[in-house]
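Keep the model open beside you as you read.

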Amino acid sequence: MELPETVGQLTEILRQGSYLADRGLATALFVALNLQRPILLEGEVGVGKTEVAKVLAHMLNRKLIRLQCYEGIDTNQALYEWDYARQMLQIRALSGRQVTDDAAVDKLFGPKFLVERPLLEAVRAGEQAVLLVDEVDRADDEFEAFLLELLSDFQITIPEIGTIRAQSPPLVILTSNRTRELHDALKRRCLYHWIGYPPAEREVEIVLVRQPGVSQTLTRKVVAAVNRLRDLDLAKPPGVAETIDWVQALDFLGATDLDQANAEDTLGAVVKERDDLELARDNLAEITSGG
Ligand SMILES: Nc1ncnc2c1ncn2[C@@H]1O[C@H](COP(=O)(O)OP(=O)(O)OP(=O)(O)O)[C@@H](O)[C@H]1O
Ligand SMILES: [Mg+2]
């Protein structure tokens, strides 16, 4: 698919993929696509950071390559690895035949035994791909430094094979929940956008796009209730994902409106901590008091 020519077009493309982006997010993505800059999306939990990368890849007909970060992730999991088991088998086969030529040994470190991980895959795919580096804040410092290097020139050197360079870089979308501050160097390289909770009207729209056919009254009430929950001092305030889940659960149970009773019965769709549940129950009358 051709690149969108305007921010409006990009917004429309995302909407067709059931993703509602506000002007700020759409503009940031539009600039990232056209200037070939990575974009860092930070925000609350469950506000559509990961989803926008998925939808954008799908709608632009690009391959989504996802690198899920976690504590202790290293280059073997992110970049490439040698297929040790297959190498061993090959060595066995070679020694059985008493072959000792160098070429056979070299082949052990050839493409056949190389296991591609997301970053190598992304460098090879270039602009045919969207690289989602998800939850980068969970990785540790060294990994971040390594990532920074990769993002700056999009090339990977494998000593045994050589240097592989992306013809033109993939769109890179990094997400973070801010469990820790990312380094300035990484931030400097990226465009930045903060995704907050959507305004109530927009959140209603999002639910209706994701769960077409549910009662609008129910949706409006639930969104209002979720916003009250967000104002409480919860350990885990609900994101848009929880709003959708809550509406879905209530709708499944046949509800077309939110009241104190059905809210209490389904609270587990939206509040997922014991202490939070207690706090929510104590304030249920106020939380469900209309949209
Ligand atoms: N603007 C939006 N338009 C459409 N759907 C949305 C939007 N924002 C959130 N959603 C819905 O919320 C769900 C959760 O979003 P997503 O998983 O992308 O959140 P996240 O920000 O990555 O959360 P986390 O921080 O937990 O990883 C999506 O599957 C999608 O259904
Ligand atoms: Mg996510």
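## Make-up of the pocket lining

Sorted by class, the lining of the largest pocket holds 16 nonpolar, nine polar and seven charged residues. That lining comprises 32 residues, and the pocket has a volume of about 600 Å³. Bear in mind as you look around that this is a predicted model.

To find your way to the middle, look for Y19, G46, V47, G48 and K49, the lining residues that lie nearest the pocket's centre.

## Where the lining comes from

Several elements contribute at least two lining residues each: helix 3 (49-59), helix 10 (200-210) and helix 12 (240-252), together with strand 8 (171-176) and strand 9 (191-195). Helix 10 gives the largest share of the lining, with four residues.

## The ligand and its shell

## Polar contacts and burial

Which atoms of G46 and of ligand 1 lie 2.8 Å apart? On the protein side it is a backbone N or O atom of G46, and on the ligand side an oxygen atom. K49 takes part through its side chain, where an N or O atom is 2.8 Å from an oxygen atom of ligand 1. N177 also uses its side chain, placing a polar atom 2.7 Å from an oxygen atom of ligand 1. On its own, ligand 1 exposes 630 Å², and the protein buries 83% of that area.

Technical notes
Residues numbered from 1 in each chain as written. Chains lettered and ligands numbered in written order. Predicted model: local features only at pLDDT ≥ 70, side-chain atom pairs only at ≥ 80, totals over all residues. Heavy atoms only, no water. 1 Å grid on protein atoms, 1.4 Å probe; cavity = no way out; pocket = protein on both sides within 12 Å on 5 of 7 lines; lining within 4 Å. Points joined across faces, edges and corners; volume = space filled by probe spheres on them. Nonpolar A, V, L, I, M, F, W, Y, C, P; charged D, E, K, R; others polar. Polar contact = N/O pair within 3.5 Å; in protein donor to acceptor, adjacent residues only side chain to side chain. Areas by Shrake-Rupley, 256 points an atom, 1.4 Å probe, with all protein chains shown as cover.
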